[in-house]
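Good morning, and thank you for coming.

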Amino acid sequence: MIELSFGTSGIRAISSTNKNNMNEKTIEVLAHATSVFQKQGKVIVGYDTRQFSKIYAQIFCEVLCKNNIKTKMFPTYSPTPLLVFCVTNCNFDLGIMITASHNPAQYNGIKFYNKNGTLLCDKNGEKISDIYAKLAKLVKDEPEIIKSKTNKQNAKNFYFANFKKIKNEFLSLAKSCKIKKYDNKLLIAYTPLNGTGYDYVKNVLQDDGNTVFIPQIQSNPDYTFASCPSPNPENEQSWEKVLQIAQLNNCELVLATDPDADRLGSKVLHCGKYINLSGNDIGILFLDYILKYKILSNPFCVTTVVSTPLAKLICQKYKCNYFETLTGFKNISSVISSTKGDLALAFEESIGFIVDKRIFDKDGVSSALLLTEITQFYKQKQMTIIDALNNLKMEFGFIETANGFLDNVNCTKIVQKLIDYAKNNNILFVDYNKSDQTHLPPSNFVKLIFKENSYIIIRPSGTEPKLKFYSFSGGKSSELAKLNAQKQIENLKEIIFLK
């Protein structure tokens, strides 16, 4: 039976009927481990559109109920932010979301949320993993192919009766995240990438008076993700279908959510071309607009060490408290829950945003509506949000980013090699494993600092077998800064592969 361990956002693994992958048997054992951990209380289970997701949700319900833990599941697939909203507003003690978020089609996974709507922290996640490992040792050898024993008809016995009510309340809250109303409505192309966002994002955008075009091939569930093999809005191939419909209808704004609709990507029509917005771009647009126009008391912003340093400069301008965490919304949510004042924005460079802490995890639905509002605002000024973004960078500095990665490498060995290289070549560095070098908990990150506003952060992925690079560099223009940031990654790879 495979090992299951917690990353930055729960558990993820390749899912199939093969005994060496995540399967119904591993989910059954994991559900028993969860019942040992939870012991009592009320649990709600949600799931996305992936293969086996609903079956896995039902298995959790069956096992937890047999262990005298009251457990319900949503009657249909839904976004992760709805599950989190349900946990906090319906007094559940634990939320379980069956999803692999933006991973390729062969993956599935599980996110666990405590009663406050926060992803289970490392210690509690490790407790479940440890219990699972002990129980897995007791399981007899499995056949090569796991045959399903789940009666799908029994799922109805576990359906959450108030699903429609909580869905409508969630949509009302997402709509209430608007700060101002504008009369100039937009032509918007949107894709849910065959995931859970269709009913939700379409609803809030159309209710705001906008016209929304959705590619038919990506509007309904398809667990093979045939039209977008890597259903991640950060991957350019995910945009092919929605850009076709955007160009056909001359849409001003193009939006995409990942399969569990907790992340938002965007492209904007500017000077006849569709320009991509990075997570950092959206983050600083959100932050500047919110701090200008939303009434907040003692505002604060939370982001991560691998997000743009421009956020800190914007916070300084508006006298907004600024906090940095390690990557992962479990870390961001922990800061939000322990900080007094009004949350202005929480975000990660990987296109995750919290624009209202009543929805306590990243949410692509409310984020889509806020980005639409900001686009409307600048449209009435005869500007695009690319114009606004350029103005922000002219004011605060052209600091751009470039990301890279290496697949299937020994992450720990490479991180140590880079630390040794920095020591031997008089390069300033921060070893995040040393608590005296940072205000954050120890982590297997390293930061190489070349000069002011030019540095790279290297870390292992918490959800995939890869080493990630985050390069930051200044320049006299955005174009030069981006080239510098990319050059730093190329130089880094040369160092890594030095004999």
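Phe-445 counts as buried, because its relative accessibility is 4%; buried means under 20% relative accessible area, exposed means over 50%, and partly exposed lies in between, with a 1.4 Å probe and protein chains only. Tyr-432 is buried as well, with a relative accessible area of 6%.

Before I go on, please note that this is a predicted model, in which local features need pLDDT of at least 70, side-chain atom pairs count only at pLDDT 80 or more, and totals for chains, interfaces and linings use all residues. Residues are numbered from 1 along each chain as its sequence is written, and side-chain values use heavy atoms, with hydrogens and water left out.

How many aromatic pairs does the structure hold? There are 17. Rings of Phe, Tyr and Trp (its six-membered ring) pair if their centres lie within 6.5 Å; planes under 30 degrees apart count as stacked, over 60 as edge-to-face and the rest as tilted. Tyr-432 and Phe-445 form a tilted pair, 5.6 Å centre to centre with 55° between the planes. Both residues of this pair sit in the loop between β16 (428-431) and β17 (446-451), 13 residues apart. Strands (E, at least two residues) and helices (H or I, at least four) are DSSP runs, numbered from the N terminus.

Phe-377 and Tyr-378 form an edge-to-face pair, at 4.8 Å centre to centre and 75° between the planes. Phe-377 and Tyr-378 are buried. They also belong to one aromatic cluster with Tyr-182, Tyr-289 and Tyr-293.

I turn now to the helices. The axes of helix α1 (residues 24-38) and helix α4 (residues 122-137) come within 8 Å and cross at roughly 125°. Axes are lines fitted to C-alpha atoms, for helices over the stretch in contact, and angles run from 0 to 180 degrees between N-to-C directions. The angle makes α1 oblique to α4: under 35 degrees counts as roughly parallel, over 145 as roughly antiparallel, 65 to 115 as roughly perpendicular and the rest as oblique.

Which residues of α1 and α4 meet? Among them are Val-29 and Phe-37 in α1, and Ile-128 and Leu-135 in α4, where contact means heavy atoms within 4.5 Å.

Helix α1 also approaches helix α2 (residues 53-66), their axes coming within 9 Å and crossing at roughly 40°. The helices α1 and α2 are therefore oblique to each other. Their contact includes Ile-27 and Leu-30 of α1 and Ile-59 and Phe-60 of α2.
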